[in-house]
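This report goes through a protein chain, starting with one residue and ending with the chain as a whole. Please look at the sequence and the structure before reading on.

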Amino acid sequence: MFKLIKLNYVRSCVQIPNNSYASPSGIISLGKSKKKLGKGGPVLEKSEIPVETDAKKLVNFVCGSNTLKEGQDIELKPDSEYPDWLWNLNIDGPVPLQKLDPNSKQYWLRVRKLSMRRNNLLNKLKRF
């Protein structure tokens with residue numbers, strides 16, 4: 001008797017949802033859909049961004065720095081008006097491990113990073 005009451009209670013609580021809002025045009029499709037959209041929805045056409053070709057403007061201004069509709073791009077100043085440290089920045093990428101001082105913290109952080117990469121690669125190659 002208890003099982004019968006419990007079963008009827010479960011049946012009355014369970015409702016089959018009608019999610020027609022999630023399907024296109026309110027039609028629920030049970031099979032494969034005819035149109036396949038990408039993960040992000042319909043594919044948009046690529047738009048071309050205009051590129052500055054005027055040589056004088058490229059040399060004297062930072063092209064693309066003006067984000068407003070009005071105004072103009074930032075004008076470049078002579079090199080003497082910029083700080084000295086700007087010309088000494090490392091733009092070649094990370095310094096090789098051999099050129100770092102073994103007594104520095106940066107050296108040991110790099111060693112740790114490289115050893116973790118090596119261990120992860122070796123663990124990836126192991127069989128179960």
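## A buried arginine

Arg-110 is part of helix H3. The model is a predicted one.

Arg-110 is buried but takes part in no salt bridge. The nearest side chain of opposite charge belongs to Asp-92, 13 Å away. A salt bridge needs a side-chain nitrogen of Lys or Arg within 4 Å of a carboxyl oxygen of Asp or Glu. Which residues does Arg-110 contact, leaving aside its neighbours within four places in sequence? They are Pro-94, Val-95, Pro-96, Leu-97 and Leu-100.

## A buried aspartate

Asp-73 sits in the loop between strand S1, residues 61-62, and S2. Asp-73 is also described as buried without a salt bridge. The nearest side chain of opposite charge is that of Lys-57, at 4.3 Å.

With neighbours within four places in sequence left aside, the contacts of Asp-73 are Lys-57, Phe-61, Val-62, Cys-63, Gly-64, Ser-65 and Asn-66.

## The salt bridge

How many salt bridges does a search of the whole structure find? The search finds one. Glu-52 and Lys-57 form a salt bridge, and their closest N and O atoms are 3.9 Å apart.

Are these two residues buried, partly exposed or exposed? Glu-52 counts as partly exposed because its relative accessibility is 34%. Lys-57 has a relative accessibility of 31%, so Lys-57 counts as partly exposed too. The class called partly exposed lies between the limits of 20% for buried and 50% for exposed.

## A nonpolar patch on the surface

Trp-85, Leu-86, Trp-87, Leu-89 and Ile-91 make a nonpolar surface patch of about 600 Å². One of these residues, Trp-85, is found in the loop between strand S2, residues 74-75, and helix H3, residues 105-125. Trp-85 counts as exposed because its relative accessible area is 56%.

## The chain as a whole

The protein chain has three helices and two strands. Read from the N terminus, the order of its elements is α-α-β-β-α.

What share of the 128 residues is buried? Buried residues make up 5% of them. The chain exposes about 13700 Å², and carbon and sulfur atoms supply 58% of that area. Among contacts with a separation of 6 or more, 0% are between residues 24 or more positions apart.

Key: Residues are numbered from 1 along each chain as its sequence is written. This is a predicted model: local features need pLDDT of at least 70, side-chain atom pairs count only at pLDDT 80 or more; totals for chains, interfaces and linings use all residues. Side-chain values use heavy atoms; hydrogens and water are left out. Patches are made of residues with over 30% relative accessible area and no salt bridge: like charges are joined within 9 Å, nonpolar side chains (Val, Leu, Ile, Met, Phe, Trp, Tyr) within 5 Å. Accessible areas come from the Shrake-Rupley method with a 1.4 Å probe; for residues, only the protein chains shown count as cover. Helices (H or I, at least four residues) and strands (E, at least two) are DSSP runs, numbered from the N terminus. Buried means under 20% relative accessible area, exposed over 50%, partly exposed in between (1.4 Å probe, protein chains only). Lys and Arg count as positive and Asp and Glu as negative; His and the chain ends are not counted. Contact means heavy atoms within 4.5 Å.
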